[in-house]
Amino acid sequence: MTSPLYGQMMDVPLLASSLLSHAARHFGDTEIVSRRIEGDIHRYTYRDCEKRAKQLAQALIALGVEPGDRIGTLAWNGYRHLECYYGTTGMGAVCHTINPRLFPDQIAFIIDHADDAYVCFDMTFAPLVDIIAPQCPKVKGWIALGDASCIGEHLGQYLGNMEQPVLSYETLVTAQDGNYEWPQFDERTASFLCYTSGTTGNPKGALYSHRSTVLHAYGAALPDAMGASSSDSILPVVPMFHVNAWGIPHAAPLVGAKLVFPGKDLDGKSLYELMESEGVTYSAGVPTVWLALLNYMKQADVRFSTLKRTVIGGSACPPAMLRTFEDDYGVEVIHAWGMTEMSPLGTLARLSWKQKQRSPDEQRASREKQGHVIFGVDMKIVGEEGQELPWDGRAFGDLYVRGPWVIDRYFRRDESPLVDGWFPTGDVSTIDADGFMHITDRSKDVIKSGGEWISSIDLENIAVSHPQVAEAACIACSHPKWTERPLIVAVLRPDATLTRDELLAYYDGKVAKWWVPDDVVFADELPHTATGKLQKLRLREIYRNHVLPDVAEKAV
Ligand code: ADP
């Protein structure tokens, strides 16, 4: 029954398959280029990609995969992974991307929890599959992303004693003709499943819908978001196993952009060479990969000839990195914030007309923040009594979000994480009068000194802006009078001579006196999570018994 109040427009469901169909039909010749794990460069077009995604859908149906079944992927960024994205979701199954950098036990937990029917894997992960397969008895088969000969090469050493069958992706796909129409179904049907990395406890699943995937792709492509265009050549360094590579595999076909996939080689030299040879104009990744790329470029004394913009997010982009990209290499940095539970995009630091009238220093200060929401996400900050805090750029509190691409609950967990319809991000931030959000901390990493909060991220950013510091973390150290005080754990660059006192003196005039860290310790390296973030929990454990200098003096 149609209501007399309804508009009279076509009721076309928002389905992931429509993104690829659009690109295949309207940008059919646009290239998708991949550095394969086989070592060579593979190129084909959106038209070819759709045909093979349809062949995959047919192959899955032939294997007995039903709509709603989960198909896991353990794969690098590449064309076969893209086919998995669209072949699975296109036929109504759920594409479950798995982070291979997690511990094998966590991966096995995730595959079992998601009840994956099949898992597609790049051959680099054959040793991993060998370890986890016995812990995943519900998986019906493992699909190697290669032809039959590549499985043969590994049989015996790995995959030889597996109970479940190991199938060749190429054999499955090429057996089908691709004569297949994408089915139309309810846009609220599940599309992708991504697990958070779970720094504490087991990982939790965020189950996206076709509707949320397509809306997020629209939002991501907007000019004040990623601003992707058909004139771009986009290289996502952010892995397709990390929150759908921030939506690039969906936003690129939506606008018809060329896609360039780096495969497993994410070192500075490999990335630089691929960017240059494929005319890459746009990229996206976490700060750690950019650190490697910038180091390589400095050593090799090379410059970008086509790269114009890059999105940096996943953890705070150090202002020093933003400066290097822009001042030394002429590449615009777009600082972005989001999380798995938000598909992931929430805010991006792109300036409004009003902000662009201000001084260069003021503009840069705004662009160092995490930025403005995209339409589709609303946010608020809340104080300790649950009261909403003002947007004055100073008050900081717990950050809440809501919107059509924010989760409502976690996969296979009954309790709702929402508070009055808002999702608590676990981040602490300020929001200024421009609506620019600035993350000061994860709530569990905040340093509480004498009842006031100190931002560990701000103190880390200052440390890494010192030319002799390669990486730094700031953690809370217990203090009898102030409860907690900041401690810096720093990794120095090779040949550095910087001392503790010199680094502490470097804070003078950059922050309020009571924010200056109480101590510095130097380490050879810092622990990171599977998504490249600092593992502060582990650092707090390591330095639990660290005694701050003024406490030690008083004890004497
Ligand atoms: P995981 O939860 O799996 O580690 P996510 O990518 O979902 O991975 O992590 C989301 C969290 O990462 C955010 O809640 C925030 O704490 C942090 N984060 C993401 N982007 C930024 C950013 N630009 N600045 C500071 N923190 C960020």
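In which loop does Asp-495 lie? Asp-495 is placed in the loop between β24 (483-492) and α15 (500-505), where helices (H or I, at least four residues) and strands (E, at least two) are DSSP runs numbered from the N terminus. The model is predicted, so that local features need pLDDT of at least 70 and side-chain atom pairs count only at pLDDT 80 or more, while totals for chains, interfaces and linings use all residues. Residues are numbered from 1 along each chain as its sequence is written, and side-chain values use heavy atoms, with hydrogens and water left out.

Asp-495 has a phi near 70°, a positive value in a residue other than glycine. At 78% relative accessibility, Asp-495 counts as exposed; the classes are buried (under 20% relative accessible area), exposed (over 50%) and partly exposed in between, with a 1.4 Å probe and protein chains only. Asn-244 also is not a glycine and has a positive phi, of about 55°. Asn-244 lies in the loop between β10 (233-236) and α9 and, at 2% relative accessibility, is buried. Most residues other than glycine have a negative phi, and most peptide bonds are trans. The peptide bond from Ser-343 to Pro-344 is cis, with omega near 5°, and Pro-344 belongs to the loop between β14 and β15 (345-348).

Helix α9 (residues 248-255) is largely enclosed by the rest of the structure, because eight of its eight residues are buried. Among them are Ile-248, His-250, Leu-254 and Val-255. Just after α9, Gly-256 takes a positive phi of about 80°.

The ligand is surrounded by 17 residues, counted as near if one of their heavy atoms lies within 4 Å of it. The closest are Ser-197, Thr-340, Asp-427, Arg-442 and Lys-533. By class, this shell holds four nonpolar, 10 polar and three charged residues; Ala, Val, Leu, Ile, Met, Phe, Trp, Tyr, Cys and Pro count as nonpolar, Asp, Glu, Lys and Arg as charged, and the others, Gly among them, as polar. Strand β14 (residues 332-338) gives the most to the shell, with four residues. A nitrogen atom of the ligand is 2.7 Å from a polar backbone atom of Ala-336. An N or O atom in the side chain of Gln-370 is 2.9 Å from a nitrogen atom of the ligand, and one in the side chain of His-242 is 3.2 Å from a ligand oxygen atom. Taken alone the ligand exposes 560 Å², and the protein buries 90% of that; accessible areas come from the Shrake-Rupley method with a 1.4 Å probe, and for residues only the protein chains shown count as cover.

Two further loop residues are buried. Ala-93, in the loop between α3 (79-90) and β4 (94-97), has 0% relative accessibility. Its C-alpha atom is 7.6 Å from that of Val-65, 28 residues apart along the chain. Contact means heavy atoms within 4.5 Å. Not counting residues up to four places away in sequence, Ala-93 touches residues including Val-65, Pro-67, Ile-71 and Ala-190. Thr-281, in the loop between α10 (268-277) and β12 (282-285), is buried at 8% relative accessibility. Leaving aside neighbours within four places in sequence, Thr-281 is in contact with Asp-232, Ser-233, Thr-306, Leu-307, Lys-308 and Arg-309.

Zero disulfides (pairs of cysteine sulfur atoms within 2.5 Å) are found in a search of the whole structure. The sulfur of Cys-49 is too far for a bond because the closest cysteine sulfur, in Cys-84, is 10 Å away. Cys-49 is buried at 0% relative accessibility.

Terms used
Polar contact = N/O pair within 3.5 Å; in protein donor to acceptor, adjacent residues only side chain to side chain.
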